[in-house]
Amino acid sequence: MSTPTFFPQDIIIKKRDGGALTKDEIEFFARGVSDGKSFADYQATALLMAIFWRGMTPQETAWLTDAMMRSGDVIDLSDLPGAKVDKHSTGGVGDKVSLILAPLAVACGLKVPMMSGRGLGHTGGTLDKLEAIPGFKVNLSVPEFRAILQKVGCAMIGQTPQVVPADKKLYSLRDVTGTVECIPLICASIMSKKLAEGIDSLVLDVKFGRGAFMKKKEDALTLARAMVAVGKAGGKPVRALLTAMNQPLGRAAGHTTEVIESIECLKGRGPADLMEVTYALTGQMLLLGGKAKDEADARRQMEAAIAKGAALKVFREMCIAQGGDPKVVDDYKILPTAKRLLEVKAPADAQGFVSEVDALKCGHAIMALGGGRAAVTDKVDHAVGIADLIKIGEKVSAGTRLCTLHINDDSKGVRAESFIREAVKFTPAAPKQEPLVQDLIQ
Ligand code: URA
């Protein structure tokens, strides 16, 4: 059925004055921005700003998500046997959970079709991390994606241009018009892409805190509820975990350093905080996919899959299927390596415990080293990064190592070191630790 024709200015005025848009008006907008004909960029940005100020009802948000999803190809994986469950994170520093979770979930019986993003600003992106592995290809066609899913059980690729073209256009307009931080628009942007992947259900990691997109827990909660509601409206079960992102996840941030830490997790030697978030999210996926009867059962299966090497085996198979060198699993030296290591040590007056490791400042340290991206077109240096990062609650005294910086340029190393020194704070008494996984929204 074709969408009736409207005048864009009428839709803009309606939203500007606080009205609720109809399904047809929203479809006209999504189609108009995708085909570039009936909604000019200046009209689309005016409407985005009106939505920013006036908001959208849950029904409008669900319609917008659906219209954006249908602006391009919707992948149909219904002929692939098994439960297809994905995970999406709103992003943070050191968040390498996808690299561990996807093979782990497959080893426990799920299929994981994952379309991921690149890093922007202080947060890293899964695709950039995977590309640190020599030969690993993330720009695969939908038929290649499907074939790898069938053979290996998981595939991790970039967004193809045919999937949700409306978001590509709208996100690029929002990025330069001050309309990114708007919950209905974020919700429609994320959920349209996830629902177009052909999944049966979805687990969301909605992060809040210093290093997250959402700084305040209340905002993260509102976004999580909106995304779960939109999933339900689209007929897909969605669960969201709210997780704290005040300090980086794990002890590594960057690309090579995060790939190494992920493989260590798959070998059963991962840091406790990273494993806690990974198990919490993968556990919810197993519950949604009908592979576990409760959280304790999910945990038993996941621990066994790590202990027996089953999850590591899937990771190796995914590397082979996507053109990556599987030797990476046994020999980290094949990854891009930085010229020099620089240990950052606690100052002479340091005493007591670590009270803060500011994730945002650690993200700035990565940017300073050349391992981040200020603009979408920037190239990242995979070799640089942070390793051995100290965690909140650990004991310190003069000269304790705070982290090891992997650097390719001494002057950039000096800048990164000063960010780390600003990030890490000390306190005489052991600090109270905030729980990492805080709420489940379903
Ligand atoms: N990530 C997305 O994909 N879209 C947004 O709007 C914000 C974060």
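Guide: Buried means under 20% relative accessible area, exposed over 50%, and partly exposed in between (1.4 Å probe, protein chains only). This is a predicted model, in which local features need pLDDT of at least 70, side-chain atom pairs count only at pLDDT 80 or more, and totals for chains, interfaces and linings use all residues. Residues are numbered from 1 along each chain as its sequence is written, and side-chain values use heavy atoms, with hydrogens and water left out.

Visitor: Is glycine 91 buried or exposed?

Guide: Glycine 91 lies in the loop between strand S1 (85-89) and H5; helices (H or I, at least four residues) and strands (E, at least two) are DSSP runs, numbered from the N terminus. Leaving aside residues up to four places away in sequence, glycine 91 touches Thr123, Lys207, Gly211, Ala212 and Phe213, where contact means heavy atoms within 4.5 Å. Its relative accessible area is 12%, so glycine 91 is buried.

Visitor: How are H5 and H12 oriented to each other?

Guide: The axes of helix H5 (residues 97-107) and helix H12 (residues 272-288) come within 10 Å and cross at roughly 40 degrees. Axes are lines fitted to C-alpha atoms, for helices over the stretch in contact, and angles run from 0 to 180 degrees between N-to-C directions. Angles under 35 degrees count as roughly parallel, over 145 as roughly antiparallel, 65 to 115 as roughly perpendicular and the rest as oblique. H5 and H12 are therefore oblique.

Visitor: How many charged residues are in the contact of H5 with H12?

Guide: Val97, Ile100, Leu101, Leu104 and Ala105 in H5 meet residues of H12, including Leu274, Thr278 and Met285. Ala, Val, Leu, Ile, Met, Phe, Trp, Tyr, Cys and Pro count as nonpolar, Asp, Glu, Lys and Arg as charged, and the others, Gly among them, as polar. The contact divides into 11 nonpolar residues, 2 polar and, of charged residues, none.

Visitor: How many charged residues has the contact of H8 with H9?

Guide: Helix H8 (residues 165-175) and helix H9 (residues 183-195) pack at about 150 degrees, their axes 11 Å apart, which makes H8 roughly antiparallel to H9. Asp167, Tyr171 and Arg174 in H8 meet Leu185, Ile186, Ser189 and Lys193 in H9. By class there are 3 nonpolar residues, 1 polar and, of charged residues, 3.

Visitor: How many disulfides are counted?

Guide: A disulfide is a pair of cysteine sulfur atoms within 2.5 Å. For cysteine 154, the nearest cysteine sulfur, that of cysteine 319, is 9.6 Å away. For cysteine 362, the nearest, that of cysteine 403, is 7.4 Å away. The count of disulfides is 0.
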